Amino acid sequence: MLSTIEALVLPVDVVPVLGRFQSLVILGAVAVLTVRRSRAFSDGTGVPLFGLRALSRA
């Protein structure tokens, strides 16, 4: 019975890797949502959300 419980518990070495993977997933999701929100804001208002666009030299 004890060996079954030990087999179900994650090894200590795996826990930091899972935490890092979750952090990267969350960071990626935040980056994607930020880009989408920035584009939607710019399309709706005509003003960029982050800074000004570079002026074209024509």
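So, is threonine 34 buried, exposed or partly exposed?

What we have here is a predicted model. The chain has 58 residues, and 3% of them are buried. As for the fold elements, you get 2 helices and 0 strands.

Okay, back to threonine 34. You'll find it in helix H2, which covers residues 14-45. Its relative accessibility is 34%, so threonine 34 counts as partly exposed. Now look across to leucine 49: along the sequence, threonine 34 and leucine 49 are 15 residues apart, and in space their C-alpha atoms are 10.0 Å apart.

Leucine 49 comes up again with our next residue, serine 38. Serine 38 also has its place in helix H2. Which residues does serine 38 contact, leaving aside its neighbours within four places in sequence? Those are Leu49 and Phe50. And here's the burial call: serine 38 has a relative accessible area of 16%, and buried means under 20%, so serine 38 is buried.

Last stop, valine 47. Where does valine 47 sit? In the segment after H2. If you skip residues up to four places away in sequence, valine 47 touches Phe41 and Ser42. Valine 47 comes out at 46% relative accessibility, so this residue counts as partly exposed.

To recap, then: serine 38 is buried, while threonine 34 is partly exposed, and valine 47 is partly exposed too.

Notes:
Residues numbered from 1 in each chain as written. Predicted model: local features only at pLDDT ≥ 70, side-chain atom pairs only at ≥ 80, totals over all residues. Heavy atoms only, no water. Helix = DSSP H or I, 4+ residues; strand = E, 2+ residues; numbered from the N terminus. Buried < 20%, exposed > 50% of the residue type's maximum accessible area, 1.4 Å probe, protein only. Contact = heavy atoms within 4.5 Å.
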